[in-house]
Amino acid sequence: MGNDANRSDTNNLGFLLAKASQRWNEQLAERFAAHGFAEVRPSYGSLLLPLFEEDGLRMGEIARRARLSKQTMTTLVRLGERDGLVVRERDPNDARAFRVHLTKRAREFKPVADEVLTELDERVLAALGERRRDALARALKGVMNL
């Protein structure tokens, strides 16, 4: 099972995952700002990526796809509205529910997101090679399903 004498150090898997995620998000924010989208926070990916796949989703569906609570998604939607990226509209089939739509600004951001994410993925590929990158992706998906 490996050396598990001291799991409370900087080699702890949780610490490494958190720090890798933090660095990834720093790189996203820097690149988004350099492309003129400083208002787009890396955390908005949980909101925008599902909407890039299918615009006009209900908030609960976005939360499900992003693996976040409805309360957290409501906060993200409010922030996205404030920053001009999404708008909420009443669901015509259920007046209690809202559908979330991308704004023109968010649609203009999509090619930037595609470019930046491709660039970062290519940096990971260059550092790890295809086999190890694919293994990392599989492992991270496994961690998400714990």
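This is a predicted model: local features need pLDDT of at least 70, side-chain atom pairs count only at pLDDT 80 or more; totals for chains, interfaces and linings use all residues.
In strand β3, Arg-99 is the bridge partner of Glu-89. Residues are numbered from 1 along each chain as its sequence is written, and side-chain values use heavy atoms, with hydrogens and water left out.

Start with the strands around that pair. β2 and β3 (residues 94-102) run antiparallel and share six bridges. Two strands count as paired if DSSP finds at least two bridges between them. Asp-91 stands opposite Asp-94 of β3. A hairpin of two residues links β2 to β3.

Now widen the view to the sheet. It is open, has three strands in the order β1-β3-β2, and pairs in the antiparallel sense. β1 (57-58) and β2 (86-91) are the edge strands, each pairing on one side only. Helix α2 (residues 45-53) packs on this sheet and touches β1, β2 and β3. The direction of α2 makes about 90 degrees with that of β3. Here, touching or contact means heavy atoms within 4.5 Å. Axes are lines fitted to C-alpha atoms, for helices over the stretch in contact, and angles run from 0 to 180 degrees between N-to-C directions.

Step back to the whole protein. It has six helices and three strands. Along the sequence they follow the pattern α-α-β-α-α-β-β-α-α. Helices (H or I, at least four residues) and strands (E, at least two) are DSSP runs, numbered from the N terminus. The C-alpha atoms fill a box of roughly 55 × 30 × 25 Å, taken along the principal axes. Of the 146 residues, 26% are buried. Buried means under 20% relative accessible area, exposed means over 50%, and partly exposed lies in between (1.4 Å probe, protein chains only). Take the contacts between residues at least 6 apart in sequence: 54% of them join residues at least 24 apart.

Next comes helix α1, residues 13-34. This helix has 22 residues and reaches 32 Å from its first C-alpha to its last, close to the 32 Å expected at 1.5 Å a residue. The expected span is 1.5 Å times one less than the number of residues. Which residues of α1 are buried? They are Gln-27, Leu-28, Arg-31 and Phe-32. These residues lie on the same side of α1 because they cover an arc of only 130 degrees around the axis. The arc is that of the directions from the helix axis to the C-beta atoms. The buried residues of α1 pack against α5 (104-128).

Leaving out residues up to four places away in sequence, Gln-27 touches Leu-120 and Arg-123. Lys-19 also sits in α1. Its relative accessible area is 38%, so Lys-19 is partly exposed. Lys-19 and Leu-48 are 29 residues apart in sequence and 23 Å apart in space, C-alpha to C-alpha.

Asn-12 caps the N-terminal end: one of its side-chain oxygens lies 2.8 Å from the backbone nitrogen of Gly-14. Such a polar contact is a pair of N or O atoms within 3.5 Å; within protein, one must be able to donate a hydrogen and the other to accept it, and residues adjacent in sequence count only if both atoms are side-chain atoms. Just after α1, Gly-36 has a positive phi of about 90 degrees.

Move on to helix α4. It has 13 residues and reaches 18 Å between its first and last C-alpha, close to the 18 Å expected at 1.5 Å a residue. Met-73, Thr-74, Leu-76, Val-77 and Gly-80 are its buried residues. Seen down the axis, they fall within an arc of 165 degrees, so they line one face of α4. They pack against α2, α3, β2 and β3. On the other side of α4, Gln-71 and Arg-82 are exposed. Gly-84 follows α4 and has a positive phi, near 75 degrees.

One loop remains. Arg-67 is found between α3 (59-66) and α4 (70-82). Most residues other than glycine have a negative phi. Arg-67 is not a glycine, yet its phi is positive, about 60 degrees. With a relative accessible area of 49%, Arg-67 is partly exposed.
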